[in-house]
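I opened a notebook page for this protein. The entries below record what I looked up, in the order I went.

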Amino acid sequence: MTTETEAETETPAPRRSWQEWLREYSELGVSALLFVIGVLVLADALTMDVDIAQRGPIGPKTVPVVVGIGLLLVAVLLAVDVLRGGRGEAEGGEDIDLSEPSDWRTVLLLAGVFLAFAVLIGPVGFPIAGALLFWGAAFALGSRHLHRDPLIAAVLSLVTYFVFNNLLGVPLPGGPLMGVL
């Protein structure tokens, strides 16, 4: 009669492929992204030049430092939770069919609209580029009111320009309309 040791009776755990591992710990990607953003925010805040006359008990560095520390803390806590087996809940409130393919046409149209806005804001100014952004986003998302949408986009763009430029004191490029507005 031979006695088997514990090591001989245990069956080795099957090795998981890297795809299975990534699927199981995919939330670590969110944690890593939050960590990188937190480091960037902290590095930018701590290297910020502050005029000595503007300093007080709470200066311009305070909020970015607090946000950066918060991002790092959330990233670490999320990573610990995921490694301990925590999982995010599946979203139950959405009425979507996961078997349907992605709507790449809409995604590409929206990406094109945002890229066009980024390119056009300097030469034509915010009011015109913003109107094209708002109208293009509405079109990409399915609105086909060709008379109403451009008008709403123009009004929304002008209101946004006036609020930021005149009320909040955040200068936006006016472009060729600078003398008119």
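I took helices as DSSP runs of H or I with at least four residues, and strands as runs of E with at least two, numbered from the N terminus. The model is predicted, so I noted the limits: local features need pLDDT of at least 70, side-chain atom pairs count only at pLDDT 80 or more, and totals for chains, interfaces and linings use all residues. Residues are numbered from 1 along each chain as its sequence is written, and side-chain values use heavy atoms, with hydrogens and water left out.

I looked up G70 and found it in helix α4. For exposure I used relative accessible area: buried is under 20%, exposed is over 50%, and partly exposed is in between (1.4 Å probe, protein chains only). G70 has 28%, so I put it down as partly exposed.

G85 sits in the loop between α4 and α5. Its relative accessible area is 48%, so it also counts as partly exposed. I compared its position with that of Y25. They are 60 residues apart along the chain, with 8.9 Å between C-alpha atoms.

**Entry: overall make-up**

I counted seven helices and zero strands. Along the sequence the pattern reads α-α-α-α-α-α-α. The protein has 181 residues, and 18% of them are buried. I took a contact as heavy atoms within 4.5 Å. Of the contacts between residues at least 6 apart in sequence, 58% join residues at least 24 apart.

**Entry: helix α3**

Helix α3 covers residues 27–46, so its 20 residues should span 28 Å; the end C-alpha atoms are 29 Å apart, which agrees.

Next I listed the buried residues of α3: S31, G38, L42 and A45. I used the arc of the directions from the helix axis to the C-beta atoms. The buried residues fall within an arc of 65° seen down the axis, so they line one face of α3. The face turned away from that side carries the exposed residues L33, L40 and D44. The cover over the buried residues of α3 includes α4 (62–83).

**Entry: nonpolar core**

I defined a nonpolar core as buried Ala, Val, Leu, Ile, Met, Phe, Trp, Tyr and Cys residues joined through side-chain atoms within 4.5 Å. The largest one has seven residues: V113, F117, F126, A129, L133, Y161 and L172. Helix α6 gives the most, with three.

F162 has 35%, so I called it partly exposed. I paired Phe, Tyr and Trp rings (six-membered ring for Trp) with centres within 6.5 Å; planes under 30 degrees apart are stacked, over 60 edge-to-face, the rest tilted. This rule gave three aromatic pairs. In the pair Y161 and F162, the ring centres are 5.9 Å apart and the planes at 70°, so it is edge-to-face.

Last, I looked up D149 in helix α7 (residues 148–167). Is D149 buried or exposed? Its relative accessibility is 8%, so it is buried. Leaving aside neighbours within four places in sequence, D149 contacts W135, A138, S143 and R144.

Note on methods
The expected span of a helix is 1.5 Å times one less than its number of residues.
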